[in-house]
Amino acid sequence: MTKVDHRPEVRRVLIITLILNIIVMGLKLVVGFLTGALSLQADALHSFTDAANNVLGLVSNQFASPQPDRDHPYGHQKFEALGALGIAAFLGITCFEIIQRSIERIFTGVSPITLQGWELWLLILVLGVNIFIAFYERHVGKKLNNRILIADSYHTMGDIWTTIVIVAGLVGIWQGARWDIPELQWLDVVLAFPVALLVFKSAWEVLKENLPWLVDEAAIPPEVIHRITLQVPGVINCHDIASRGVVGQQVFIEMHMIVDANDLETAHKITEAVEEKLKTYVGPARVVIHMEPPRYQSDTITFSEPNDTN
């Protein structure tokens with residue numbers, strides 16, 4: 001079954017969010033420099049990575065064709081995971097920048113922050129745009145089962161919480177100026193650290209989601225594949241089972257199998273039944289079955305580390 005290519009739809013979403021992220025970044029920079037708020041300037045840097053991630057997503061999406069070819073017989077979908085890991089790298093850089101600037105401000109002292117009411121309303125507008133981007137990307141990403149959009153939505157969700165924290169801090173600073181409490185100026189620096197933690201959490205989520213795919217971690221427990229396979233009439237034994245890929249998107253399964261058949265045509269029909277049975281359970285899959293004679297029957301379901309001979 002040929003896998004549907006959703007790249008044009010993904011590209012459209014990425015272009016829309018890229019434009020919105022550039023607008024958000026510009027508004028945060030303007031308010032950040034007008035007010036002198038370090039946390040808001042750092043948040044603008046966070047939004048810069050949002051836009052950079054969209055560009056990265058567009059590039060990786062261009063190469064992430066689900067169809068195999070001569071040079072990539074297993075398809076190109078790992079480009080999506082590479083793009084998502086690039087997003088995690090951008091998040092890590094942002095986290096480092098926020099912490100570095102906050103520490104510098106601690107040692108150099110805080111500068112007075114001036115804030116106008118219209119600037120707060122502008123930040124609330126920015127927050128609304130971020131919420132739209134995050135839910136829009138996540139909705140389309142889950143609909144198309146696209147890792148780039150889902151990973152980028154995690155990033156944008158971190159941006160939402162970042163903006164909420166910063167707006168709360170700036171409101172406190174604004175009220176501190178009205179109540180003549182200059183100590184509240186330190187809120188700008190203090191709240192920059194939770195921002196960094198939120199960014200780091202987003203990076204970790206993206207890394208945890210995509211790294212197993214790149215290192216070919218087992219997509220399905222071999223015991224599950226073994227149980228499903230033995231449900232097919234005619235299968236006597238299956239062993240040395242391996243799998244990789246992403247369940248629901250594309251899974252590659254290999255196994256050795258012994259069947260109750262005296263001719264090639266019957267054996268072939270049994271293997272086709274096994275393939276269809278597995279696809280019913282796991283979704284799109286490419287199954288490679290190595291047929292063996294009865295004397296090769298084995299209880300070794302999966303691969304394991306060889307025993308030490310020392």
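Mentor: We begin with secondary structure: helices (H or I, at least four residues) and strands (E, at least two) are DSSP runs, numbered from the N terminus. In the case shown, residues 120–136 are 100% helix and 0% strand, and the end C-alpha atoms of the span lie 24 Å apart. This is a predicted model, in which local features need pLDDT of at least 70 and side-chain atom pairs count only at pLDDT 80 or more, while totals for chains, interfaces and linings use all residues. Residues are numbered from 1 along each chain as its sequence is written, and side-chain values use heavy atoms, with hydrogens and water left out.

Trainee: How many helices and strands does the protein chain have, and in what order do the elements run?

Mentor: The chain has 9 helices and 3 strands. From the N terminus on, the order is α-α-α-α-α-α-α-α-β-β-α-β.

Trainee: Which residues does UniProt place under "transmembrane region"?

Mentor: UniProt positions are given here in the numbering of the model, with shortened feature names, and annotations may be inferred rather than shown by experiment. The unreviewed UniProt entry places "transmembrane region" at residues 12–38, 81–99, 120–136 and 156–174. For residues 81–99, the model gives 100% helix and 0% strand, with 27 Å between the end C-alpha atoms.

Trainee: How is burial read, and what percentage of the residues count as buried?

Mentor: Buried means under 20% relative accessible area, exposed means over 50%, and partly exposed lies in between (1.4 Å probe, protein chains only). Of the 310 residues of the protein chain, 45% count as buried.

Trainee: Which residues make the nonpolar surface patch?

Mentor: Patches are made of residues with over 30% relative accessible area and no salt bridge; like charges are joined within 9 Å, and nonpolar side chains (Val, Leu, Ile, Met, Phe, Trp, Tyr) within 5 Å. Here I99, I103, I106, F107, W186 and V190 make a nonpolar patch of about 570 Å². Helix α3 (residues 78–108) supplies the largest share, 4 residues. I99 belongs to helix α3 and counts as partly exposed because its relative accessibility is 31%.

Trainee: Which residues form the salt bridge?

Mentor: A salt bridge is a side-chain nitrogen of Lys or Arg within 4 Å of a carboxyl oxygen of Asp or Glu. The structure holds 1 salt bridge. E265 pairs with K269, with 3.8 Å between the closest N and O atoms. Both residues lie in helix α9 (residues 264–282), 4 residues apart, about one turn of the helix, and both are exposed.

Trainee: What does S243 contact, and is it buried or exposed?

Mentor: Contact means heavy atoms within 4.5 Å. Leaving aside neighbours within four places in sequence, S243 is in contact with E217, A218, A219, I220, I225, F252 and I253. S243 lies in strand β1 (residues 235–246) and counts as buried because its relative accessibility is 11%.

A polar contact is a pair of N or O atoms within 3.5 Å; within protein, one must be able to donate a hydrogen and the other to accept it, and residues adjacent in sequence count only if both atoms are side-chain atoms. The side chain of S243 reaches the backbone nitrogen of A219 at 3.3 Å, and a polar atom of that side chain lies 3.1 Å from the backbone nitrogen of I220.

Trainee: What is the phi of D240?

Mentor: Most residues other than glycine have a negative phi. D240, although not a glycine, has a positive phi of about 50°. D240 is placed in strand β1 and is partly exposed, at 21% relative accessibility.

Trainee: Where is V232 found, and which residues does V232 contact?

Mentor: V232 is found in the loop between α8 (222–230) and β1. At 6% relative accessibility, V232 counts as buried.

How values were computed: Accessible areas come from the Shrake-Rupley method with a 1.4 Å probe; for residues, only the protein chains shown count as cover.
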